[in-house]
Amino acid sequence: MKYHIVTVSGDGIGPDIIDEAKKVLHALGQRFGHSFSFTEKDAGGIAIDRHGCPLPKDTVDAARAADAVLLGAVGGPKWDHLGGDRRPEKALLGLRGELNLFANLRPAVLFPQLKEACPLRPEIIGSTLDILIVRELTSGIYFGARGRNAEDKSAYDTLYYNEEEIERVLRVGFNAARLRGSRVTVVDKANILETSRLWREVTARVAKFYTDVEYSHMYVDNCAMQLIKNPHQFDVIVTTNMFGDILSDEASMLTGSIGMLASASLGGSSFGMYEPIHGSAPDIAGKDLANPIATVLSAAMMLKYSFALDEEARAVEDAVNKALDSGYRTADIYSEGCKRVGTREMGRLIADAI
Ligand code: IPM
Ligand code: MG
């Protein structure tokens, strides 16, 4: 089969890691007889420099016309002085919103080979961890009205959810739970927030369609603690845009490095956008230091969710495992006795394993 992918490498280490994911997909295509074609489009800081805005219409149009989007990272100190809607990050939110990618799947998986890189004590973390965070991605406080009021020198951001927005992301979470441990934890702040109380009402309704899935609610502050105290209690966490943003960074540390975590942003169809959850790391950009694994694993999620190529997705995951089994580590996951490699070498090792 032929698949057309729009790549949005973006800023910082974005181009470094996207190159490696392409290398891996190329090897995969050769092994399984698929053809992956790529069109690179600008978004983020690079788009500000070249086109004067973080998200050119041409990028959105090309993304819409593609089978899937693979994104690196956006942002950097060069554009930090820009205000509000002119910032590179606006490109990410814009793409997610424009493409209606309301459900963001962020698996926090600890590869057993990396358990030394996990900061928790061995008796707490054990030898593996597998949590799926489902983050609502196109509403909530990141999308609500915001502004400034010069009169009283104030600023505001609005946290808004309607029932439909809550229901559709909950369904993604419950469906995902069915294919895993059949447990959903809905994380909120219902002791304070009215939107959270609405989430609880909608959850009770949705859960009636999933009597085979166990569910519970948890306050976000408690969840932040429980992730460290006993991470194995979680199977699928479903939560709002902002809470999911924060908790997924926290969960990533349980896996040893934020450089390992992939994500899939999905809407109602097979189309999706795939990106590592980490940022653009401008300090190590272009230095062959970044860990490409999160992006490679994001490509694996693309194979699975957008192209229904489960076997191929597993082949990528197996190849990552093989590189790690052989003791190869980028700097962020390095531990004593391992072989330190750069971005390109790690990409080559994974591609070769395929
Ligand atoms: C993420 C990032 C983004 C977000 C930023 C860069 C806008 O932190 O994907 O988690 O907040 O969603
Ligand atoms: Mg984040």
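β5 and strand β10 (residues 236-239) pair in the parallel sense over four bridges; strands count as paired when DSSP finds at least two bridges between them. This is a predicted model, where local features need pLDDT of at least 70, side-chain atom pairs count only at pLDDT 80 or more, and totals for chains, interfaces and linings use all residues. Residues are numbered from 1 along each chain as its sequence is written, chains are lettered from A and ligands numbered from 1 in the order in which they are written, and side-chain values use heavy atoms, with hydrogens and water left out. Helices (H or I, at least four residues) and strands (E, at least two) are DSSP runs, numbered from the N terminus.

**Around β5**

- Leucine 132 has valine 236 as its bridge partner in β10, while arginine 135 is bridged to threonine 239 there.
- On strand β4 (residues 103-110), the pairing with β5 is antiparallel, with eight bridges; here proline 107 sits opposite leucine 132.
- Seven of the eight residues in β5 (residues 129-136) are buried, meaning under 20% relative accessible area, with exposed being over 50% and partly exposed in between (1.4 Å probe, protein chains only).

**The whole sheet**

- Ten strands make up an open, mixed sheet, running β2-β1-β3-β12-β11-β4-β5-β10-β8-β9.
- β2 (35-40) and β9 (214-219) are the edge strands, each with a single partner, so one side of each has no neighbour in the sheet.
- From one strand to the next, the twist averages 25°; axes are lines fitted to C-alpha atoms, for helices over the stretch in contact, and angles run from 0 to 180 degrees between N-to-C directions.
- Helix α4 (residues 89-98) packs on the sheet and touches β3 (68-73), β4, β5 and β12 (272-274), its direction making about 155° with that of β12; contact means heavy atoms within 4.5 Å.

**Helix α11 and its partners**

- α11 (residues 310-325) packs against α12 (residues 343-353) at about 120°, with axes 8 Å apart.
- The α11/α12 pair is therefore oblique: under 35 degrees counts as roughly parallel, over 145 as roughly antiparallel, 65 to 115 as roughly perpendicular, and the rest as oblique.
- Ala319, Val320, Lys322 and Ala323 of α11 meet Met346, Leu349, Ile350 and Ala353 of α12.
- That α11/α12 contact has seven nonpolar, no polar and one charged residues; Ala, Val, Leu, Ile, Met, Phe, Trp, Tyr, Cys and Pro count as nonpolar, Asp, Glu, Lys and Arg as charged, and the others, Gly among them, as polar.
- Helix α1 (residues 14-32) packs on α11 at about 130°, axes 11 Å apart, which makes α1 oblique to α11.
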